[in-house]
Amino acid sequence: MQDLATKFANLTIQSDFIFKKVMSRKRICKHLLEELLQIEIADINYLEAEKTLEPEYTSRGIRLDIIVADDKNTHYNLEMQVKNNKNPDTDTYVLPKRSRYYQALLDIDLLQKGQPYDLLPPTFIIFICVFDFFEQGNYVYTFKNRCLENLELELPDEATTMILNTKGTHGDISKDIKSFYDYVNNHIVTTDFTKQIDDEICYLKLDTKVRREFMLMEARLLDERREGIAEGKEIGLAEGEAKEKLATAKRLFSMGLSVQDIAKATSLPIEQVEALQADQA
């Protein structure tokens, strides 16, 4: 518990847990969107758990960080990305396909069964990355669907993906967004906006209910990891045992034993032994 208490005390805005809590404060989330998109927003609403202001949104096996809608029915998904993860099996970065998957799941949840497609609202999938995914130095990378034969021709599906680069060096961003980047990177307070964020984090760390929530979440995640490791070991043992049985069956075949005798000796299903006999022939 002491380790978890220390971990909680050292949390920053880069933590998913703290990021969600901070962005649950309407004034902070609203201002961030206004400064990023250079628009005015009259109000925002959290899609789920409005009463408790715990905007955690679970959909088909994933948990999205923050989902809000503004007064014009534009929907925003905000995600904090600390690691530029790769799939070890394919050696490819997962962020592009992840953004595609998030967009698909968001659209599915926004369109009720039987509703026409044109009722899909405008959406923004926004990843706040503490790394430069494209290594071009931009503060912001904005993507829309465009025609390859005519890049000025945009598909009017009203879906936008923004990948923010807090380590960027050039581009057109507001003073408050730049200060937000500096705060994410180095915990530097340079504007009233980042002071609001820092004050909110200090307040959260003094809240015993928030600390208890974090510790319970971490304990639950630790249990899940342990269960996953134990399950993996059990699967590995089972696979090893199955391979050993097959190897034994092959040796018994070479000794001239019958299918029935081999099945009894190895406890393998007789059908599997017969299939192995056919492969041996």
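Tutor: A pocket is an open set of grid points with protein on both sides within 12 Å along at least five of seven lines. Please keep in mind that this is a predicted model.

Student: How much space lies in the second largest pocket, and which element gives the most to its lining?

Tutor: The space in the second largest pocket comes to about 390 Å³. Of the 15 residues that line the pocket, the closest to its centre are Pro96, Ser99, Phe143, Asn145 and Thr161. Two or more lining residues come from each of helix H4 (95-110) and strand S10 (159-165), and the element that gives the most, with five residues, is H4.

Student: Is glutamine 81 buried or exposed?

Tutor: Glutamine 81 has its place in strand S5, which covers residues 75-81. Leaving aside neighbours within four places in sequence, the contacts of glutamine 81 include Leu95, Arg98 and Phe127. Buried means under 20% relative accessible area, and because the relative accessibility of glutamine 81 is 7%, this residue counts as buried.

Student: What is the phi of aspartate 91, and where is that residue found?

Tutor: Most residues other than glycine have a negative phi. Aspartate 91, although it is not a glycine, has a positive phi of about 60°. Aspartate 91 is also exposed, with a relative accessible area of 52%, and the place where it is found is the loop between strand S6 (86-87) and strand S7 (92-93).

Definitions and conventions
Residues are numbered from 1 along each chain as its sequence is written. This is a predicted model: local features need pLDDT of at least 70, side-chain atom pairs count only at pLDDT 80 or more; totals for chains, interfaces and linings use all residues. Side-chain values use heavy atoms; hydrogens and water are left out. Helices (H or I, at least four residues) and strands (E, at least two) are DSSP runs, numbered from the N terminus. Buried means under 20% relative accessible area, exposed over 50%, partly exposed in between (1.4 Å probe, protein chains only). Contact means heavy atoms within 4.5 Å. On a 1 Å grid over the protein atoms alone, a cavity is a set of points where a 1.4 Å probe fits but cannot get out, and a pocket is an open set with protein on both sides within 12 Å along at least five of seven lines; lining residues have an atom within 4 Å of a point. Grid points are joined across faces, edges and corners, and a volume is the space filled by probe spheres set on the points.
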